[in-house]
Amino acid sequence: MALGCALGFPLLTTLALQTTSASHSAVVVGALPMATAVISTLRTGNRPSRAFWCAAATAGAVVVGFALLQSNGVPGIGDLYLVAALVVCAAGYAEGGRLSSRIPGWQVIAWGVLLAAPVNLVVTIAALPMEPVHLSARGVAGLLYIAAVSQFPGFVVWYRGMALMGVTRASQLRSTPWKAHPREDLLQGGRSGPTPPGSDGAPVEW
């Protein structure tokens, strides 16, 4: 879980954002529910219904199709990083959800952050001389949001929900594009394009 969610996903999405926008990244990562369901099924042996897979596949197809439309049908290097991030994050979610059925969700994410901290600290120290920090109000606001909401409390309730509902079902409730677009506009001054039509309604629970 630490390797996928606390190390691999942040690193790969950061690399992707060097060549693509946050809104486009959110669209690609919108296929995360489908990827999590597939990995969870392989990991746990659960067998969701056909209706579930039809709904999940529809959502995934909408997201992938829209992402290709944004890139004119030709995936770039940023898209490759995003696909890799998608896989490692889905594996982390599946494993974290499985662990949440044994220990409280806050312990799952706390151990994940703790195990990843030494690596993150070394990388941060090594990167500072090459990329000095230039503080801005938007940058600080984004960092505080990640630390105070997204990275810990958000994951606590997320893993708790997966423990109660099951990883495969709960994974379909996670939809990122509609949340990421206004955040990019607000915090980064970006002009995000439209979200995939129907992408926020297609993932459903069966």
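Guide: Let us start with Val133, which lies in the loop between α6 (105-127) and α7 (137-150); helices here are DSSP runs of H or I, at least four residues, numbered from the N terminus. This is a predicted model, in which local features need pLDDT of at least 70, side-chain atom pairs count only at pLDDT 80 or more, and totals for chains, interfaces and linings use all residues. Residues are numbered from 1 along each chain as its sequence is written, and side-chain values use heavy atoms, leaving out hydrogens and water.

Visitor: Is Val133 buried or exposed?

Guide: Buried means under 20% relative accessible area, exposed over 50%, and partly exposed in between (1.4 Å probe, protein chains only). Val133 has a relative accessible area of 55%, so this residue is exposed.

Visitor: How is a pair of aromatic rings described?

Guide: One gives the distance of the centres and the angle of the planes. Rings of Phe, Tyr and Trp (its six-membered ring) pair if their centres lie within 6.5 Å; planes under 30 degrees apart count as stacked, over 60 as edge-to-face and the rest as tilted. The count by this rule is four aromatic pairs. One of them, Phe52 with Trp53, is edge-to-face, at 5.2 Å centre to centre and 80 degrees between the planes. Phe155 and Tyr159 are stacked, because their ring centres are 5.7 Å apart and their planes stand at 25 degrees.

Visitor: Where do Phe155 and Tyr159 lie?

Guide: Both belong to helix α8 (residues 153-165), four residues apart, about one turn of the helix. Phe155 and Tyr159 are both buried.

Key:
Helices (H or I, at least four residues) and strands (E, at least two) are DSSP runs, numbered from the N terminus.
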